[in-house]
Amino acid sequence: MLYAAVVALTHWAVRSRRLEPFGGWARFVRRISDPVILPLERRVIGAGGSPQNAPYWLLAVVIAAGLILMSLTAWLIDAVTRLQWMSQSGPRVWLGFLVNGVFTLLMTAILIRVIGSWFGIGPYRKWMRPFYVLTDWLIDPIRRILPPFGMFDFSPMVAWLVLYVVRGFVLGLL
């Protein structure tokens with residue numbers, strides 16, 4: 001994180017003429033960042049962006065990866081704690097855990113599907129196909145019923161809300 005922040009701040013300082021581009025610090029940062037920045041610049045150019053924005057993309061990717069890593073760590077700690085507690089519980093608790101897991105999986109698949117659509121990742125990508133298979137059975141009927149709202153598709157949000165309400169109802173019955 002610190003590395004990406006130093007690279008992005010140095011890049012900003014050079015671009016805004018607060019730092020000399022051929023000074024010692026700027027050359028040092030460029031030398032240590034080239035192995036990471038150059039492949040990222042190629043990807044940014046391939047996506048139609050400006051290679052000068054690569055340090056900012058590096059910072060954004062590092063922040064996003066850090067947030068994802070912290071979320072996964074918190075989830076793993078919670079799962080281990082919950083499994084320890086459940087090891088001393090009866091079958092009703094295990095059934096509730098499995099039902100909650102299925103609903104969470106479906107709701108996460110909807111979220112990934114929506115975020116993928118923001119970036120233009122369609123259902124025919126090999127790694128996106130499972131998310132569409134998991135959610136098509138719910139989103140497609142809602143899409144047929146829900147009237148169109150211009151360029152906005154509210155059917156995934158309605159499907160997510162339906163899953164949220166049904167999960168609460170089912171878990172309340174258990």
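Reader: Among contacts between residues at least 6 apart in sequence, what percentage join residues at least 24 apart?
Author: In the protein chain, 47% of those contacts (heavy atoms within 4.5 Å) join residues at least 24 apart. This is a predicted model, in which local features need pLDDT of at least 70, side-chain atom pairs count only at pLDDT 80 or more, and totals for chains, interfaces and linings use all residues. Residues are numbered from 1 along each chain as its sequence is written, and side-chain values use heavy atoms, with hydrogens and water left out.

Reader: How many helices and strands are there?
Author: The protein chain has six helices and zero strands, where helices (H or I, at least four residues) and strands (E, at least two) are DSSP runs numbered from the N terminus.

Reader: Why is the chain described as more spread out than a compact globule?
Author: Its radius of gyration, taken over C-alpha atoms, is 23 Å, well over the 16 Å that the globule rule (2.2 Å times the number of residues to the power 0.38) gives for 174 residues, so the chain is more spread out than a compact globule.

Reader: What share counts as buried?
Author: Of the 174 residues, 22% count as buried, meaning under 20% relative accessible area with a 1.4 Å probe, protein chains only.

Reader: Turning to packing, at what angle do α4 and α6 pack?
Author: Helix α4 (residues 91-118) and helix α6 (residues 155-173) pack at about 175 degrees, their axes 10 Å apart; axes are lines fitted to C-alpha atoms over the stretch in contact, and angles run from 0 to 180 degrees between N-to-C directions. That makes α4 roughly antiparallel (over 145 degrees) to α6.

Reader: Which residues make the contact?
Author: Among them are Phe103 and Met107 of α4 and Trp160 and Leu163 of α6.

How values were computed: Angles under 35 degrees count as roughly parallel, over 145 as roughly antiparallel, 65 to 115 as roughly perpendicular and the rest as oblique. Buried means under 20% relative accessible area, exposed over 50%, partly exposed in between (1.4 Å probe, protein chains only).
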